[in-house]
Amino acid sequence: MNDLQKRTWAEVSLANIEHNYGRIKAAIPEGTKFLGIVKADAYGHGAVQVAKRLEKCGADYLAIACLDEALELRRNGVTVPILILGHTPPDYVNLLLENELTQTVSCEAKAQEFSDAAAALGGTLKIHIKLDTGMSRLGYLCRESYFEDGVKNVVSTFNLPNLDVEGIYTHFSVSDFKDADSAAYTKEQFKLFTDVIHTAEDGGASFKIRHCANSGAVVNHPEMTLDMVRPGFLLYGYGDEGRLGLRPAMRMVSTVSTIKYYEPNTCVSYGRNYVTDKRTRMGVVAAGYADGLPWAAAGKCAFSVENSFAPQCGNICMDMCMIDLSDIPEAAVGSRVELFGETAKLETLASAAGTIPYELLCAVSKRVPRVYIE
Ligand SMILES: *Cc1c(COP(=O)(O)O)cnc(C)c1O
């Protein structure tokens with residue numbers, strides 16, 4: 001055990017990410033480009049490490065949420081094309097140009113600002129146009145009565161000086177749901193996306209990279225891969241329901257720091273929510289909500305210790321929480337506790353907390369060292 005592994009740590013398997021990359025590649029048509037989503041520190045896995053591995057695997061593109069995340073990758077020597085999914089204020093177009101970053105443009109007015117800023121700097125900014133086909137978040141309006149204006153704005157963006165419109169994309173809101181209503185909604189989004197593209201092409205525009213498939217679409221709507229897929233969740237080993245044979249890339253591990261016996265009727269932790277109903281061998285785990293354990297899962301989850309599951313008892317504290325080790329005599333001070341990973345499933349912990357697995361990955365805090373294993 002090295003110094004980083006004494007308390008709580010997150011093991012990240014870059015080999016599993018590479019495996020997942022290969023499984024996704026095998027599931028999409030040959031020649032389809034691959035954009036790996038590494039926003040939010042690669043869903044907590046470490047953006048630089050994951051980006052470098054994906055680059056080595058041959059990923060065509062990476063995407064992050066904001067300029068600072070892109071600059072972190074460039075500073076660390078990542079040279080593959082990078083798409084910024086969110087907005088960047090036009091004041092920073094110099095940084096976009098210097099670092100050869102591709103900017104998402106989500107409306108005509110912003111396209112004009114980017115065009116002006118790039119012209120003032122004497123450069124050409126590479127952009128991808130984003131369409132709002134039903135997520136109702138970022139993107140050119142183009143639904144229903146907005147269709148004609150949407151197409152017109154896309155074409156006029158295409159014709160603005162100092163912008164190189166390389167791609168066009170949209171984002172699905174329910175592609176990961178299997179019910180008929182969600183599938184129909186995703187198909188409608190896809191149809192609108194391709195209708196806008198075709199109509200804009202008739203108006204003189206052209207797009208080298210058309211993309212819309214997030215993880216949900218890669219799994220549930222393989223006919224929507226177009227020129228490039230854009231998965232995040234799948235890359236980290238989740239969301240395929242076993243169909244692609246993915247492997248979770250992160251394992252969050254802590255240790256038992258103390259074990260004590262309590263008589264029946266002993267209150268445990270803040271709030272006195274938990275009261276022992278028997279003589280209890282209680283372990284203190286060196287991880288709490290400041291490490292990323294969800295407070296909301298208190299009393300509703302179990303962690304893996306010495307090949308058994310230990311129920312978590314009482315409120316989860318900032319830096320610790322308690323587990324019942326009465327039925328696990330092999331557990332001792334220093335025993336490792338898998339909070340989620342191979343045996344304790346991230347999805348189970350997330351549903352205990354009433355949240356989504358994405359949030360728990362992003363919640364693994366700065367205090368938790370990432371240990372890269374092969
Ligand atoms: C986060 C994000 C993705 C990846 O979503 P997953 O569900 O993790 O595959 C794809 N596209 C956009 C625009 C995103 O913001």
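Visitor: What makes the contact between Asp195 and Lys191 a salt bridge?

Guide: In this predicted model, the N to O distance between the side chains of Asp195 and Lys191 is 2.7 Å. The cut-off for a nitrogen of Lys or Arg and a carboxyl oxygen of Asp or Glu is within 4 Å, so the pair qualifies. Both residues lie in helix 8, residues 180-202, four residues apart, which is about one turn of the helix.

Visitor: Why is Lys191 called exposed, and what is Asp195 called?

Guide: Lys191 has a relative accessible area of 51%. Exposed means over 50%, so Lys191 is exposed. Asp195 has 26%; buried would need under 20%, so Asp195 is partly exposed.

Visitor: How do you know that Arg251 and Glu338 form a salt bridge?

Guide: Their side chains meet at 2.6 Å, N to O, and the limit is within 4 Å, so this pair counts as well.

Visitor: Is Glu338 called buried or exposed, and why?

Guide: Glu338 has a relative accessibility of 4%. Buried means under 20%, so Glu338 is buried.

Visitor: What makes Arg367 and Asp291 a salt bridge?

Guide: The N to O distance for Arg367 and Asp291 is 2.9 Å, and within 4 Å is what is asked, so they form a salt bridge. This pair links distant parts of the chain, 76 residues apart. Arg367 sits in the loop between helix 11 (357-363) and strand 19 (370-373), while Asp291 sits in the loop between strand 14 (280-285) and strand 15 (302-305).

Visitor: How do the accessibilities of Arg367 and Asp291 place them?

Guide: Asp291 has 0% relative accessibility, which is under 20%, so Asp291 is buried. Arg367, with 39%, falls between the 20% and 50% limits, so Arg367 is partly exposed.

Visitor: Which residues are linked with Asp291 and Arg367 in a network of salt bridges?

Guide: Arg7 and Asp319 are linked with them in that network. A search of the whole structure finds 14 salt bridges.

Visitor: Which residues of helix 3 are buried, and what do they pack against?

Guide: In helix 3 (residues 47-57), the buried residues are Ala47, Val48, Val50, Ala51, Arg53 and Leu54. The buried residues of this helix pack against helix 1 (14-27), strand 2 (33-37), helix 2 (39-43), strand 3 (61-64) and helix 4 (67-75). Gly58 follows helix 3 and has a positive phi, near 105°.

Visitor: What makes the phi of Arg272 worth a remark?

Guide: Most residues other than glycine have a negative phi. Arg272 is not a glycine, yet its phi is positive, about 55°. Arg272 lies in the loop between strand 12 (267-268) and strand 13 (274-275). Its relative accessibility is 62%, and over 50% means exposed, so Arg272 is exposed.

Visitor: Where does Glu306 lie, and what is its phi?

Guide: Glu306 lies in the loop between strand 15 and strand 16 (308-313). Glu306 is not a glycine either, and its phi is positive, about 45°. With a relative accessible area of 34%, Glu306 is partly exposed.

Visitor: Why is Tyr140 called buried?

Guide: Tyr140 has 3% relative accessibility, and the limit is under 20%, so Tyr140 is buried. Tyr140 lies in strand 7, residues 140-141.

Visitor: How many of the residues of the protein chain count as buried?

Guide: Of its 374 residues, 53% count as buried. The protein chain has eleven helices and 19 strands, and it exposes about 16,300 Å², of which carbon and sulfur atoms supply 51%.

Methods. Residues numbered from 1 in each chain as written. Predicted model: local features only at pLDDT ≥ 70, side-chain atom pairs only at ≥ 80, totals over all residues. Heavy atoms only, no water. Helix = DSSP H or I, 4+ residues; strand = E, 2+ residues; numbered from the N terminus. Buried < 20%, exposed > 50% of the residue type's maximum accessible area, 1.4 Å probe, protein only. Areas by Shrake-Rupley, 256 points an atom, 1.4 Å probe, with all protein chains shown as cover. Contact = heavy atoms within 4.5 Å.
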